[in-house]
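Reader: Could you walk me through a structure I have just been handed? I would like to take it slowly and ask as we go.

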Amino acid sequence: MAGDSSSREQNYWPGFVDALTNVVLVMVFVIVVFAISMFGALIKLSNAHLQRNLAERMHEKNQSIQQSLQEARAEAKREHERAELLQQENQRLHSELIGQQQAVGKARPRQAHSEMAPAVVISGKMPNISLSYALGVTALEKKLMQALDGVIGDFDKASQWHVLLQATMAEPAPSEARRLAFYRIAVIRDHLVAQGVLPQHIETVILDTPSPDSRSHVDVQIRRSTE
């Protein structure tokens with residue numbers, strides 16, 4: 001009987017070990033589940049943080065781009081306004097310059113006339129003759145026509161001549177200078193045609209190169225035909 005009692009007292013250890021084992025297994029399972037949950041939560045938090053940082057950077061970049069575009073547009077608008085102001089100023093200065101040039105162009109002929117300077121001077125000889133005009137002068141008086149005829153000489157074979165009329169300008173206003181040069185050439189051309197030169201044998205040229213002095217010129221180059 002005493003042996004049976006001793007055996008029954010030693011049987012509590014297996015149950016204790018089994019209980020402790022179960023507790024350990026449960027704790028391990030809970031720890032594993034907790035670790036997996038924490039790992040998943042950390043991944044989600046990390047992704048959310050990265051997405052938030054990326055969104056903030058994209059927003060800042062978009063704001064920077066928008067600001068740059070606004071600054072560029074504002075600068076372009078200011079440049080356009082400055083260009084318009086410069087164009088208006090240029091037009092105003094151009095108008096003032098034209099007015100001053102016209103005033104000078106009107107004053108010079110009066111000054112030359114008051115100083116009794118010759119209106120037209122004929123120089124050279126056949127076949128190259130040059131007529132020098134005071135500013136604003138286009139007409140040739142009868143005496144000057146006769147003087148020109150005297151320099152040219154005989155018009156018997158004028159129909160066989162080939163004539164080049166070349167004008168240079170000294171007037172300050174370009175449009176006015178070309179108009180006066182055209183009138184000077186037209187006067188000489190009409191006179192040569194009246195003397196027998198064929199119109200189709202007369203070539204006229206107005207050079208854009210300014211005159212070397214303060215007077216306008218018309219150069220008459222006559223080439224006699226050998227036929």
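Predicted model: local features only at pLDDT ≥ 70, side-chain atom pairs only at ≥ 80, totals over all residues.

Reader: Let's start with charges. How many salt bridges turn up in the whole structure?

Author: A search of the whole structure gives 6 salt bridges. One of them joins R92 and E96, whose side chains meet at 2.5 Å from N to O.

Reader: And how far apart in helix α2 are R92 and E96?

Author: R92 and E96 are 4 residues apart in helix α2, so about one helical turn separates them. Elsewhere, salt bridges that share partners join E75, R78, E79 and R82 into one network.

Reader: Which partners does R82 have there?

Author: R82 forms a salt bridge with E75, where the closest N and O atoms are 3.4 Å apart, and the side chains of R82 and E79 meet in another at 2.1 Å from N to O. R82 and E79 both lie in helix α2, 3 residues apart, which is about one turn of the helix.

Reader: Is R82 buried, exposed or partly exposed, and what about E79?

Author: R82 has a relative accessible area of 37% and is partly exposed, while E79, with a relative accessible area of 40%, is partly exposed.

Reader: Changing topic, which residues form the nonpolar patch on the surface?

Author: The patch is formed by Y12, W13, F16, V17, L20, V24, V28, V32 and I36, and together they have about 880 Å² of accessible area. One of them, V28, is placed in helix α2, which covers residues 12-114, and V28 counts as partly exposed because its relative accessibility is 45%, between the limits of 20% and 50%.

Reader: What about aromatic pairs, how many are there?

Author: The count comes to 1 aromatic pair. F182 and Y183 form this pair, which is tilted, with 6.2 Å centre to centre and 55° between the planes.

Reader: How accessible are F182 and Y183?

Author: F182 counts as exposed at 52% relative accessibility, whereas Y183 counts as partly exposed at 38%.

Reader: Last one: where does S216 sit, and is S216 buried or exposed?

Author: S216 is in strand β5, which runs over residues 216-223, and S216 is buried, with a relative accessible area of 0%.

Reader: What does the side chain of S216 make a polar contact with?

Author: The side chain of S216 makes a polar contact with the side chain of R184, at 3.5 Å. Leaving aside residues up to four places away in sequence, S216 touches several others, among them L131, Y133, T168 and E171.

How values were computed:
Residues numbered from 1 in each chain as written. Heavy atoms only, no water. Phe/Tyr/Trp six-rings, centres within 6.5 Å; stacked < 30°, edge-to-face > 60°. Buried < 20%, exposed > 50% of the residue type's maximum accessible area, 1.4 Å probe, protein only. Helix = DSSP H or I, 4+ residues; strand = E, 2+ residues; numbered from the N terminus. Polar contact = N/O pair within 3.5 Å; in protein donor to acceptor, adjacent residues only side chain to side chain. Contact = heavy atoms within 4.5 Å. Patch = residues over 30% accessible without salt bridge, like charges linked within 9 Å, V, L, I, M, F, W, Y side chains within 5 Å. Areas by Shrake-Rupley, 256 points an atom, 1.4 Å probe, with all protein chains shown as cover. Salt bridge = Lys/Arg side-chain N within 4 Å of Asp/Glu carboxyl O.
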